[in-house]
Amino acid sequence: MYSEKVMDHFMNPRNVGEIENADGVGEVGNAKCGDIMKMYLKIENDIIVDAKFKTFGCGAAVATSSMSTELVVGKTVEEALKITNKAVAEALDGLPSAKMHCSNLAEEAIRAAIEDYKRKNGLLGECDCAAA
Ligand code: FES
Ligand code: FES
């Protein structure tokens, strides 16, 4: 049912934890199941140099969180914003269709953390974020 890569990232998740003084932090919840992911990004000169996560969720959520931290490191902020949940799932050699929604957490957490970074650095321009 699950690919070897999914099992590997679930059993040995990469980059678990927090970044102290992170430049961007995003926390998102999955409306379908209530699972939660928190993503921490360290950003220098527009490049994501470190990423860590904490996920309270299912195995697919842990595996996609883990893979997403590997995918964002080394990317520019704009490149990271283009990472889709499908790309994260593909990097794991796919997810069962019933678990595809779990990969939304990773995509949304990346976006939320980058939005937080932009807000803190006055890069948002016209307000269109959900900050309230
Ligand atoms: Fe909730 Fe997978 S069942 S993220
Ligand atoms: Fe985001 Fe105003 S700061 S809507």
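Here is a short chat about a predicted model, its sheet, its helices and its core.

Trainee: In what order do the three strands of the open sheet sit?

Mentor: Strands of a sheet pair through backbone hydrogen bonds, either parallel or antiparallel. Here the pairing is antiparallel, and the twist averages 15 degrees from one strand to the next. Going across the open sheet, the order is β1-β2-β3.

Trainee: Which strands stand at the edges, and why is one side of each left without a neighbour in the sheet?

Mentor: An edge strand here has just a single partner strand, so one of its sides has no neighbour in the sheet. That goes for residues 24–29 and for residues 47–56, which are β1 and β3.

Trainee: Which residue in β2 stands opposite G29?

Mentor: Look at β1 and β2 (residues 36–44), which run antiparallel and are joined by six bridges. In that pairing, the residue of β2 facing G29 is I36.

Trainee: Which element gives the largest share of the largest nonpolar core?

Mentor: This core has 32 residues, and M37, M39, L41, A109, I110 and A113 have the most contacts inside it. Two or more residues come from each of β2, β3, α2, α4 (85–91) and α5. L41, for one, is in contact with residues including I48, A51 and A113. The largest share, eight residues, comes from α5.

Conventions: Residues numbered from 1 in each chain as written. Chains lettered and ligands numbered in written order. Predicted model: local features only at pLDDT ≥ 70, side-chain atom pairs only at ≥ 80, totals over all residues. Pairing = 2+ DSSP bridges. Helix = DSSP H or I, 4+ residues; strand = E, 2+ residues; numbered from the N terminus. Axes fitted to C-alpha atoms, helices over the stretch in contact; angles between N-to-C directions. Core = buried A, V, L, I, M, F, W, Y, C linked by C-beta atoms within 7 Å. Buried ≥ 20, exposed ≤ 12 C-beta atoms within 10 Å, placed from the backbone. Contact = placed C-beta atoms within 7 Å. Lists of a residue's contacts leave out its neighbours within four places in sequence.
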